[in-house]
Amino acid sequence: MAIIEVQGLLKKYGERVAVGDVSFSVEQGEIFGLLGPNGAGKTTLLSMLATLLPPDGGRAAICGHDVVRQRDRVQRCIGFVPQELALYPTLSARENLAFFGRIYGLRGRQLEERIVAVLDLVGLRARADDAVHTFSGGMKRRLNIAVGLIHEPQVLFLDEPTVGVDPQSRNFIFEHIERLKAQGLTVLYTTHYMEEAERLCDRVAIMDEGRLLALDTPQGLIRLLGGGVIRAKLAAESALHALMPSLSASPHVRAASQREGWLTLEAHDASRALLELVSVCNAHHVPILSLEVLEPNLESVFLHLTGKRLRD
Ligand SMILES: Nc1ncnc2c1ncn2[C@@H]1O[C@H](COP(=O)(O)OP(=O)(O)O)[C@@H](O)[C@H]1O
Ligand SMILES: [Mg+2]
């Protein structure tokens, strides 16, 4: 049985459907990504799975326990790291961890051991006795992750753990997540950064307006796009308009667009579309100054599925 089972989960705020009929399952040891723009419903979905918000329909089970009827059991097997930091700024890292550890019933020697283990895990042992208000944003995030792990959960929920974090801390967080995976932890991770989802996740669900639009491995999702994307800078920007109709009409081109002097072709078949581009430019006597063939990525998959950009 899957460690996370979600079936037809639904949440409304008044008339607004925040999460509508969402179903998926996650296997033990997977890093599963929920990728979607702000307002997609990621936090609402995670909050229902973490038993913090009652669903309006459907059901979900974590480690075989129902998130509505067996809240206590679910809470013991999950760690939840919220988007908003939940730390006491005047307490030290160690004191924060002790506070949250006691909530989970940890005491004495066992609590001490867990505190040291999670501090090591997030690389904060040297700062254990410093007050949290002296920490950088990235260090606070890492401590927040440590709090989520204090009771040795089997499943960790991370809600946008890298928003507002400097690149170095971001890399630290990635490494921690990869280390946790190596230890067999299951991670459900939300982000609106497609590079993160591509790098970290075994599987990714693309979410928009409360619904899952696609679910597969990053490579599988990218294959949805087929042929790749070509970008070209032409010698005469004014020529772009003249070229567009022939390029758009090509059977090898899925879509043609232009922006800041660059021509972009979404291709069904990149090599054929490239030949087409070169011959159309030749026919119009327009030299190509620069040319790129882009790897299709999750950003373009999202654009393809929704007609929108992940970040606008
Ligand atoms: N407490 C709330 N009351 C009313 N609407 C809410 C509330 N929380 C979230 N929403 C709405 O539900 C939708 C999904 O929000 P959220 O789950 O926070 O998305 P995400 O985490 O993907 O940014 C948004 O349209 C948001 O405005
Ligand atoms: Mg959110």
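Two strands are said to pair when DSSP finds at least two bridges between them. Strands (E, at least two residues) and helices (H or I, at least four) are themselves DSSP runs, numbered from the N terminus. Before we set off, note that this is a predicted model, in which local features need pLDDT of at least 70, side-chain atom pairs count only at pLDDT 80 or more, and totals for chains, interfaces and linings use all residues. Residues are numbered from 1 along each chain as its sequence is written, while chains are lettered from A and ligands numbered from 1 in the order in which they are written.

Let's start with strand E8, residues 186–191. Strands of a sheet pair through backbone hydrogen bonds, either parallel or antiparallel. Strand E3 (residues 31–35) runs parallel to E8 and is joined to it by five bridges; here Leu34 has Thr190 as its bridge partner. E8 also pairs with strand E7 (residues 155–159), again in the parallel sense and over five bridges, and Phe157 stands opposite Leu188.

Is E8 covered or open? Six of its six residues are buried, where buried means that 20 or more other C-beta atoms, placed from the backbone, lie within 10 Å of the residue's own. In a regular strand the side chains alternate between the two faces of the sheet. In E8, Thr186, Leu188 and Thr190 point one way, and Val187, Tyr189 and Thr191 point the other way.

Now turn to another sheet. This open one has four strands in the order E2-E1-E4-E5, with antiparallel pairing. E2 and strand E5 (65–66) are its edge strands, each pairing on one side only. Seven bridges join E2 to strand E1 (residues 4–13), with Glu5 standing opposite Ser25. Helix H1 packs on this sheet, touching E1, E2 and strand E4 (57–62); touching means C-beta atoms, placed from the backbone, within 7 Å.

Which element gives the most? H1 does, with three residues. Among the surrounding residues are Tyr13, Arg16, Lys42 and Thr43, counted when the C-beta atom, placed from the backbone, lies within 6 Å of the ligand.

Notes:
A residue is buried if 20 or more other C-beta atoms lie within 10 Å of its own, exposed if 12 or fewer, and partly exposed in between; C-beta atoms are placed from the backbone. Two residues are in contact if their C-beta atoms, placed from the backbone, lie within 7 Å. Axes are lines fitted to C-alpha atoms, for helices over the stretch in contact, and angles run from 0 to 180 degrees between N-to-C directions.
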